[in-house]
Amino acid sequence: MFDKLTKIYGKVGRNAKVLIATEPLWSIPMNWVFFYRPIFLSIVIGLSSVEIGLLITVFNILSSILPLLGGYLADRFGRKRVFMLFDSVCWLSSLALWMISQNIWLALLAYIIESATSLTYSIWECLLVEDTKLELRALVYSSISAIFRVGSLTMPVAGYIIGFFDLDLGCRILFALAFCAMVPMFILRQIYLREPEIGRIVRKDKVFSGFKGYLNSLSLIKRDPILPALLLIFVMIGFYNSSYAYFPLYLVDDNGLGLNEETASFIPSLSSAVSLFLLLLVVPRLKSKNSYFKALILGYSLGSLAILLLINSPAGFVPLALFSALLLGFYYVVAFSVSRTFLMNQIDFVDSKARAKITSIAATLSSLVNLPTPTIAGYLFSLNPKLFLTAILTTFIASILILLISKKD
């Protein structure tokens, strides 16, 4: 088994291997941070759901601008150099602030600094897939997603830390653990990452290396009927991601599921267990456009059913919540691994040199459209926690319709 895995991953590009190998140092602790941070802001800092939404909206405003700058800087000065500079400085600085955060202003500053990591979104995607063959990219993305899901599986560990030290100190310990884990990650990436060959080519290409490259990339998107549909799907995924802060709040809110903080940690763990199974055994087998379409439609359909069950689940009824978590595992797989593999492969069909620009456009479009999402979700949550889930359900159904329409074309 080990020899087989070694042979398979031996065909993957160098940078993909480095990013996959170091991913646990980010994915595991940041899973804990993302899940408990909204609860930390609500209970420890004492912010309302609307105030939390406003903080995330500020984050999204900055995140909507910086990916475009990231695509330009990567093509101009090199992927590795820009990636390492902004990723390391911004993550470590923001986590240091979260460790000492006592009020909304420090939380705001931490969010502002963290938003600058969005500059590296498209660069990370380029480093991950460039120098790797198309047929192996599903494996690369499924590996990254599987590692992230392993992080969610370890959520009960974070729940134990919170339960043992209380929410205030426990969350600060989680922030500190994330900081300590990322230091060796950045050191290893600095040593072993290499500038991709396509990056060197683009830097010499005046058409794509400058800001005019965005206009050329937009013209390429128009040529392919699938790319616009995939960009719209990214917008829908952005809605869920932008309102995710209220998901853990829904699990512990008395008007939601009413679970305690430790029990709530098992919900993402179950979703991750299902995702991990699919990522290891199913996603790497997807090869064709048709298989990507079918996987996306199935994932969004089961995700819609999961949200519908959560909306109608009685408070404190854990079995139905766990079943919903199981179904959400299917959505998590397609929302990251399948959709991104599909997009990256489709870009290669039009022009691989446009990858940094098109992925930057995707990130920016999603961020711009979803600028008001956290505030809207917070307002809906304040009216009735079930309303924000209803909004998520609407985006899932819209995604299914977009996919079906694009397939007809």
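Biologist: What does E114 form a salt bridge with?
Modeller: With R37; the closest N and O atoms are 2.8 Å apart (a salt bridge is a Lys or Arg side-chain nitrogen within 4 Å of an Asp or Glu carboxyl oxygen). This is a predicted model: local features need pLDDT of at least 70, side-chain atom pairs 80 or more, while totals for chains, interfaces and linings use all residues. Numbering runs from 1 along each chain as its sequence is written, and side-chain values use heavy atoms, without hydrogens or water.

Biologist: Is E114 buried or exposed?
Modeller: E114 is buried, at 3% relative accessible area (buried is under 20%, exposed over 50%, partly exposed in between, with a 1.4 Å probe and protein chains only). R37 is buried too, at 5%.

Biologist: How many salt bridges does the structure hold?
Modeller: Four. One of them joins the side chains of R340 and E125, at 2.6 Å from N to O. R340 is in helix α19 and E125 in helix α7 (residues 121–129), so this pair ties together parts 215 residues apart in sequence. Helices (H or I, at least four residues) and strands (E, at least two) are DSSP runs, numbered from the N terminus.

Biologist: And how accessible are R340 and E125?
Modeller: R340 has a relative accessible area of 18%, so R340 is buried. E125 counts as buried at 6%.

Biologist: What does R189 meet in a salt bridge?
Modeller: The side chain of E23, at 3.6 Å from N to O. R189 belongs to helix α10, whereas E23 sits in the loop between α2 (14–22) and α3 (24–44), so the pair ties together parts 166 residues apart in sequence. R189 is buried at 3%.
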